[in-house]
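Trainee: Please walk me through this structure and the terms used for it.

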Amino acid sequence: MNDLDSEVLPLPPRYRFRDLLLGDQSFQSDDRVQVEFYVNENTFKERLKLFFIKNQRSSLRIRLFNFSLKLLTCLLYILRVLLDDPALGIGWAPILWVERKMDLWVIQVIVAIISFLETMLLIYLSYKGNIWEQVFRVSFVLEMITTLPFIITIFWPPLRNLFIPVFLNCWLAKHALENMINDFHRAILRTQSAMFNQVLILFCTLLCLVFTGTCGIQHLERAGGNLSLLTSFYFCIVTFSTVGYGDVTPKIWPSQLLVVVMICVALVVLPLQFEELVYLWMERQKSGGNYSRHRAQTEKHVVLCVSSLKIDLLMDFLNEFYAHPRLQDYYVVILCPTEMDIQVRRVLQIPLWSQRVIYLQGSALKDQDLMRAKMDNGEACFILSSRNEVDRTAADHQTILRAWAVKDFAPNCPLYVQILKPENKFHVKFADHVVCEEECKYALLALNCICPATSTLITLLVHTSRGQEGQESPEQWQRMYGRCSGNEVYHIRMGDSKFFREYQGKSFTYAAFHAHKKYGVCLIGLKREEHRSILLNPGPRHILAASDTCFYINITKEENSAFIFKQEEKQQKRAGPGLCEGPAGLPVHSIIASVGTVAMDLRQAECRPLQSSGGGGGSKLALPTENGSGSRRPSIAPVLELADSSALLPCDLLSDQSEDEVTPSEDEGLSAVEYVRGYPPNSPYIGSSPTLCHLLPVKAPFCCLRLDKGCKHNSYEDAKAYGFKNKLIIVSAETAGNGLYNFIVPLRAYYRSRRELNPIVLLLDNNLDSLLQCGVIYADNLVVVDKESTMSAEEDYMADAKTIVNVQTMFRLFPSLSITTELTHPSNMRFMQFRAKDSYSLALSKLEKRERENGSNLAFMFRLPFAAGRVFSISMLDTLLYQSFVKDYMISITRLLLGLDTTPGSGHLCAMKITEEDLWIRTYGRLFQKLCSSSAEIPIGIYRTECHVFSSSESQISVNVEDFEDTRDVRGPWGARAGSGSGRGSTHGRHSSSDDPAEHPLLRRKSLQWARRLSRKGPKHAGKAAAAEWIGHHRLSLCRRSERQELSELVKNRMKHLGLPTTGYDEMSDHQNTLSYVLINPPPDTRLEPNDIVYLIRSDPLAHVISSPQSQKSSCSNKLLSCNPETRDETQL
């Protein structure tokens, strides 16, 4: 065996193409079997065909040579005409015979012989068995007419002056030009526009018609008027343009006949050419053209790849993309496989967009279409998913393939990808920026339950606005809400900043407070030069450096800000820092926070002694005991330049254990749920960020997860039986997908107090019985996730119809329940909590239309459900992906705020409620100082709820009628029930009307008249009259029974049928007479109001536990001795 292996010869060198044809003689003596490959190219004819026809480059050269020969013959004919001097006269002689010079004849004969031989060779190579098909071709007939007579004159000299129509070679030149262009496209492997080819063919056809008519008429008129070439050309142009001056006319009938023939040919040929051209033009309008290579090399452009382009998606992208001044000169190339929509076409015809937006119909999976879009020269490529698809996984698969195709074609082009399902995110992890819709959606819904209106807060932050919305409104809340909505997140290097440069070497908390007090900006985070991760509120231990990148919230970025310092400030600076050294006494007067549009006047802070508020106060907003009862306003502890480790509160995390140990003693009847801190053992999808959470010590059995059915471990069948201490959070979804992981994790994060963890109920069957069984009357929040099965509808905007109607039903049945809804289309938010006869809602509708006409990107922001955070659309977060092109940090900051990413040392978003006891702080600026000095928390906004009197509808009027009539001593069963089910927000509905008699003077006057009529009746009939009046009142109450009472009776009957107690539903009240809105980074002099909820960025409790465990334990033990945990957490949400 070894001998045989040693005899195996090495493989021969790789055969070349010549070796395959001719064979390799070096291996003829080999004993191995020889195989001869038979190919078509081994014959002489096939080799010629390969050279003349099949090979693109050689064929291109042959056709270029042929085209040059035909042009040369036409030029020789013109030269012969110019040198000819025919004798005047009428007859056939001037037509049949011409004067041809000997030198000219020789050149024409040589050219004719070459053309004839080439034509015969191509006929031989193209012959496929039918010789007549080749003979009767128009090109072959013309070739024989223009070449064969010259060859005959060689052998018959008297025919050398015979007229030969050489000018017909122009048609052969046109044919050669068409073939040459086709070979040229094949040679360079580039498909030129069919429009260019058709225009070229049309131009050549017109040129050949004019040239043929000019030469033919000039030659025929040798026997008539003897026209020159120029005169004949003039006559043809006038004739073909249908002008017909009549100054030049053919004199003899042959020329007249030629004119008739040429006109007929033009009437047949030109319309066909124009029809083809128009058809191609229409097709090009549908599919779009090409983004020119020259423009791609000189101008900047981005490419938008979508499955189907809707007008809302297009306008959101264009408005947000071009909102940045740096992007005004960019072009947007849209690559979409579907035909352009009528509305999209109408918008792109607007001059504002027609010069900057180019629509191309094509697929991102085709290199030809990517080449048309010049993807390799693009500054960025945005790939958006189609969220209207029923199968969202299939939509993600299409997005993934598009991302792969673009990365393969243009690896250096930055990719901005939108993914719907989180489990598909790891397929596009190579992209520069990725936004997962379900991750953001569920995280927003979760934070809405613990931080109200987080969805509105994030939406306003990621939208570009100038803060001019609602400034012409007569209502104060709309002006303030619209002005604060202009705040966005910006960044700047600290060493280059006027805002933060003076705080170099100081703590982050100190810089945040003083920057807000002095300039009105809110410093929320930073990024070290040597680290890539962003830290939100790294805490007072973090010392700022000049190389840090600061992230702040403001109306506009610092580069567009103008500062105005008054003369008093200059005087204070001259006086020296000794006059006012405290942080509360900084000389601040005014700041213009935008380019002359929005001015924030900051009052000058007074110089006063500052006293520490530490010591006996349990709550971080507690009133200081030293000066809380004097006439002087209580002072707040200063924010230290450098952190004092003993006065900080990072031990909240460690103190939770002691809190939980005290909790079971309060409710001895209920068993306390034990939790441990750890990471979720199972990750639902690849790419999820690990988050430290509160976990059960032992995994719960699967049978115990069913709320409405008992098992062998417990017999509970409804939420009431479980006896939950905290309010429920109900999630109404269609399926339990992987996205729910991002809903649960923020609600179970380690920085949440164990006493504040709310039970989470997943409701997959949305009907009244299921709502009642899952404990909707004990719930604090109901989250309605948009159903995937309803996203596809015949009419796009009807995709939310089922969700809107179901939520409206739940809103009527349970008016005090906080319902958060997700919709597909933002324009449908106006139907949430719809009240047709509410004049205030109609006024808001007019305000929205006016803001949209003014070009606002946030026209929907004044709708009450959106302002209150009751509804949002995930499509509004598409701007997060668009803004990342200019602000590459926006996705990271948003994920940190939502709790999707947990970076060590980075803070988290939480909320705190302002109570009556906290109003001694008075203003938002003082609250900023109090939080920075006590707990190192950074406030970023306020969620404010105000009482508002809406116009009453019919159902509300009927309730009020009964309430006023129920003020009598005579009571019936419906009177008490009407009081309990009243929709006016009071649990004592029977006496609610006596609290405010002036609210409805007409009803009050009618009830007084009715009382006087009763008093005029005699005592004899008093009893009967009272009984009759009670019966009449009972009948009237039944007839006028309000909608609220009917719904209340319906819910109670269903609860009785299911065996559920109705006590919880009796306590539910309607709070429709309030409105809520979000104020992002309000001015420091904003007054605090009761029930304000302040958004906070709290520092990471674990940031310094590992670095200094001993100091943490000592400081925590001291704090637990001086703080009562119950009072400390009573102001936190």
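Predicted model: local features only at pLDDT ≥ 70, side-chain atom pairs only at ≥ 80, totals over all residues.

Mentor: Residues are numbered from 1 along each chain as its sequence is written, and side-chain values use heavy atoms, without hydrogens and water.

Trainee: Why is valine 261 called partly exposed?

Mentor: Buried means under 20% relative accessible area, exposed over 50%, partly exposed in between (1.4 Å probe, protein chains only). Valine 261 has 41%, so it is partly exposed. Valine 261 is found in helix H12.

Trainee: Which helix gives the largest share of the nonpolar patch?

Mentor: Helix H12 (residues 253–287), with five residues. Helices (H or I, at least four residues) and strands (E, at least two) are DSSP runs, numbered from the N terminus.

Trainee: What makes strand S3 (357–361) and strand S6 (433–436) edge strands?

Mentor: The open sheet has six strands in the order S3-S2-S1-S4-S5-S6, with parallel pairing. S3 and S6 each pair on one side only. Two strands pair if DSSP finds at least two bridges between them.

Trainee: How many bridges join strand S5 (residues 415–419) and S6?

Mentor: Four, in the parallel sense. Tyrosine 416 has histidine 433 in S6 as its bridge partner.

Trainee: Which strands does helix H19 (residues 437–450) lie across?

Mentor: S5 and S6, running at about 55° to S6. Axes are lines fitted to C-alpha atoms, for helices over the stretch in contact (heavy atoms within 4.5 Å). Angles run from 0 to 180 degrees between N-to-C directions.
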